[in-house]
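Me: I would like to learn how to read the helices of a protein model, one feature at a time. Could you show me the structure and take me through it?

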Amino acid sequence: VLRANALVLAESSGAAAAMTELMSTCAEGDPERCTHWTSSSTFTDENCRGYYCHSPPAADVEMTGYMLLSMVRDEAFFARAPAVANWLLGQRNAIGGYSSTQDTIIALQALSAYATRLTTSTDLSVSVSGLGSEASTWDIHFTNANRDILQSREVDSEAVLSDPEITVATSGSGLVLVQLAVRYNTFTAEGRAPEYEVSCDWHTS
């Protein structure tokens, strides 16, 4: 993946062959349906720990990020980039990152390059309703000056439980990403087995 990305950056004549080979090794096994690339390791719930329990392996996100960067820069493969970008967007956690620093950097760099390629001018109004607060509608206007600034709003949990419907309406031109993060607690009848054992030796006199 790194080799192909370097060849694309250098505009090498070998870039097309390297990219074609990698397209045939994607997780789907079909170059026409590629969404991501995966390592040989398998992620299971048995090695799941804590906050990043449901995150894909960092290597998968990083490899897919490099492939998206290559697709954005190579016109011959750009038509297949949307499916790859959608997969990366779908793996983000509640704060917009991934399971490690390195894969987060590469994935966000790739998504930024993809977004820049799609649109060069932003004049977009977004209206979010159903927030359940006193100001039930949240209106935001995005321009070239603020399109890369995160806008966030906390939703009233009681209002959402009584009427769980949030509507997002847009008008204008540009590209915007809407993400909803839901956090809740669940009761676990049986806890996990201890992750460590303690043994103690003592002597009396």
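Predicted model: local features only at pLDDT ≥ 70, side-chain atom pairs only at ≥ 80, totals over all residues.

Reply: A helix here is a DSSP run of H or I that holds at least four residues, and helices are numbered from the N terminus.

Me: Which residues of α1 are buried?

Reply: The general idea is that an α-helix has 3.6 residues a turn, so residues three or four places apart point the same way. In α1 the buried residues are Ala-4, Asn-5, Leu-7 and Val-8, and because they cover an arc of only 160 degrees around the axis, they lie on the same side of α1. The face turned away from that buried side carries the exposed residues Leu-2, Arg-3 and Leu-9.

Me: What do the buried residues of α1 pack against?

Reply: They pack against α2 and α3. Helix α1 (residues 2–9) and helix α2 (residues 15–23) pack at an angle of about 145 degrees, with axes 9 Å apart, and their crossing is left-handed. Arg-3, Ala-4, Leu-7 and Val-8 of α1 make this contact with Ala-15, Ala-18, Met-19 and Leu-22 of α2, and by class the contact has seven nonpolar, no polar and one charged residues.

Me: How are α3 and α4 oriented to each other?

Reply: Helix α3 (residues 58–73) and helix α4 (residues 81–90) cross at roughly 150 degrees, and their axes come within 10 Å. Angles over 145 degrees count as roughly antiparallel, and α3 and α4 are therefore roughly antiparallel to each other. The residues of their contact divide into eight nonpolar, two polar and one charged.

Terms used: Residues numbered from 1 in each chain as written. Heavy atoms only, no water. Axes fitted to C-alpha atoms, helices over the stretch in contact; angles between N-to-C directions. Helix = DSSP H or I, 4+ residues; strand = E, 2+ residues; numbered from the N terminus. Left-handed = near helix turned anticlockwise from the far one by under 90°. Contact = heavy atoms within 4.5 Å. Nonpolar A, V, L, I, M, F, W, Y, C, P; charged D, E, K, R; others polar. Parallel < 35°, antiparallel > 145°, perpendicular 65-115°, else oblique. Buried < 20%, exposed > 50% of the residue type's maximum accessible area, 1.4 Å probe, protein only. Arc of directions from axis to C-beta.
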